[in-house]
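Morning, everyone. Let me put the model up, and then we'll walk through it.

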Amino acid sequence: MDTVINVRGLRMSYGERQVLRGIDLDLRRGETVALLGPNGAGKTTTIEILQGLRTRAAGEVRVLGEDPARGGDAWRARLGTVLQDWRDHPRWHVRTLLDHVAAHYPTPWDTGELLKTLGLDGHATARVRDLSGGQRRRLDVALGIVGRPELLFLDEPTTGFDPEARREFHELIESLDTTVLLTTHDLAEAERLADRVAVLLDGRIAVFGTPQEVAAAVQAPSLVRWRDGTEQTDDPSELAWRLHQRYGGPVPELEIRRPSLEESYLNLVERSAA
Amino acid sequence: MTTMTLGIRRGLIEQNAILRDRKELGTNIAGLIMYLMLILWIGRNPAGGGVGMTAFMTVGFVAFTVFSAGIMTLPMLIAADREEGALLRLRMLPRGIPVYITGRAVSLTLHIAVHSALMLAIGGAIGGLTLPSSLYGWATLVWVLVLGALSVIPLGAMIGAMLPTAKAAAAAVGLPSMLLMIASGVMVPMTMMPTPVQWAAQIFPLYWQGHGLRAAFFASPGGELHGTWELGTAATVMGAWAVAGMVLAPWLLRRVTGK
């Protein structure tokens, strides 16, 4: 299989504090993976190591077939990044900045087309600091993808967005044909964008899989409700089957609610803290 | 596009953006305004050695422009670039860091050139200051400018990389630079300063920058501290600062960033 990120036994510590205690992670070409975890779990450290911005203590790391610690310009040209809270180049004009960043890459997108796609063509000659928050964010995305990255890092990309800007951003990311590694605190966002979800707890990947697989692994209870009762159960199909037998036919007002990613996640975090 | 072309283009865009920026305008022309007010106020007085105060201060302010570009403007720009995320963005671009360094060098050179040209034009119009007439004078002008810039740029880059914000950088270097400006014979000849101040100022590159430039522009060293041109000492002091900065800056930066 074509893997874009391949991590085995990644370890990292700051002084005495172990931040990453042996992480395994694989990203297949074209998929979107969300990296979840409470603050301080090591999400940003992991991404920084994958980008070659930080040197790891131990472990095997391959990003696009290369060790990020030794990645040169040709390797870097295949990556794209959108970080939270960028306020750089406030005095530059939108189009000038995008053209300048694009010129670093061998085969960038047409910057005029890109601005149009992102709905920024009306602001090409605006100064970057005069953009609204949502426009500034779209410019960040444009700057992150202008080099046609094979792999895109998104670090808490929608923090501080209003719901409309968030939806626009999600649609934009879904329209991209690239591998994406995303960190977020917004579990609905992870559920919507990600093919697979990795939960980072105490420097280890606690679970890694589709949102359904995560729920199954966590065994967060499902809620079963019918006319005459309500029950929380790890095995809702079994309960439904018993109910059918009890009623000798259709169960009145039967409703089964599987745990959302958020419930599974919180369940997992609470259990690890206990 | 080659890295060099990209870096030069970056420097041009950056300097153009700063020149057109109203917020930057104040900081940018504060020095020019101070210079203008001073020459209109005391420019008619003699400065010694047959040189008028306007011509003397014009050369002094050119020296200060080079000095402050390295020790004040550069750290503030670098600190702002880090604070706003420009440095991080460039670190993640292919060839981003060499392009950034080239760009900063170009924008700083332009900053020095524009300000010096303006002051020399004003000094020429009002104070009768003329450009060097001999090849020797021009050669002195060039090496003093280059060595003077090199004596402060590594230090400025280091300050900019270590201080967290542009405001902190301005606060840290603002007052010492101003004191040094008063003490180093930019506005008033050093001969008018108390002896301890004279000795202290001669440790720093700013005084020697001004001394070297006066040697390029003026015929007689009559108004100088020791009544003679001391270009060897000027080269030694500025060179020592340049070498110390180039050796210390990478070492200190590695210790501070710790990665």
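A crossing is left-handed if the near helix is turned anticlockwise from the far one by less than a right angle, and right-handed if clockwise.

Some ground rules before more detail. This is a predicted model, where local features need pLDDT of at least 70, side-chain atom pairs count only at pLDDT 80 or more, and totals for chains, interfaces and linings use all residues. Residues are numbered from 1 along each chain as its sequence is written, while chains are lettered from A and ligands numbered from 1 in the order in which they are written. Helices (H or I, at least four residues) and strands (E, at least two) are DSSP runs, numbered from the N terminus.

Chain B, then. Two packed helices are described by the angle between their axes and the distance between the axes. Axes here are lines fitted to C-alpha atoms, for helices over the stretch in contact, and angles run from 0 to 180 degrees between N-to-C directions.

Back to that pair. H2(B) covers residues 22-42 and H3(B) covers residues 53-84. Their axes are 10 Å apart, at an angle of about 165°. H2(B) and H3(B) are therefore roughly antiparallel. The cut-offs: under 35 degrees is roughly parallel, over 145 roughly antiparallel, 65 to 115 roughly perpendicular, and the rest oblique.

Who touches whom? On H2(B), the residues include B:Tyr35, B:Leu38 and B:Ile39. Among their counterparts on H3(B) are B:Met57, B:Phe61 and B:Thr65. Contact means C-beta atoms, placed from the backbone, within 7 Å. By class, this contact has seven nonpolar, four polar and no charged residues. Ala, Val, Leu, Ile, Met, Phe, Trp, Tyr, Cys and Pro count as nonpolar, Asp, Glu, Lys and Arg as charged, and the others, Gly among them, as polar.

H2(B) has another partner, H5(B), residues 96-127. The angle is about 10°, with the axes 11 Å apart. That makes H2(B) roughly parallel to H5(B). The crossing of H2(B) and H5(B) is right-handed. B:Leu32, B:Tyr35 and B:Ile39 of H2(B) make the contact, with B:His115 and B:Leu118 among the residues from H5(B).

What does the record say? An unreviewed UniProt entry lists residues 25-43, 55-80, 101-129, 135-156, 168-188 and 231-253 of chain B as "transmembrane region". Those positions are in the numbering used here, feature names are shortened, and annotations may be inferred rather than shown by experiment. In the model, residues 25-43 of chain B are 95% helix and 0% strand, with end C-alpha atoms 25 Å apart. Residues 101-129 of chain B are 93% helix and 0% strand, with end C-alpha atoms 35 Å apart.

Now chain A, which brings us to sheets. Six strands form an open sheet, S5-S6-S7-S3-S8-S9, with mixed pairing. Strands pair if DSSP finds at least two bridges between them. S5(A) and S9(A) stand at the edges with a single partner strand each, so one side of each has no neighbour in the sheet. S3(A) and S8(A) run parallel, joined by four bridges. A:Leu35 has A:Ala198 in S8(A) as its bridge partner. Helix H10(A), residues 261-273, lies across S3, S8 and S9 of chain A, at about 20° to S8(A).

There is also an open sheet of three strands in chain A, S11-S10-S12, with antiparallel pairing. Five bridges join S10(A) to S11(A). A:Ser222 has A:Thr233 as its bridge partner in S11(A). Helix H9(A), residues 236-247, lies across S10, S11 and S12 of chain A.

Last stop, the interface. How many residues of chain A are in contact with chain B? The count is 21 residues of chain A, against 18 residues of chain B. H3(A) gives the most to chain A's side, with three residues. By class, that side has eight nonpolar, seven polar and six charged residues.

Technical notes. Contact = placed C-beta atoms within 7 Å.
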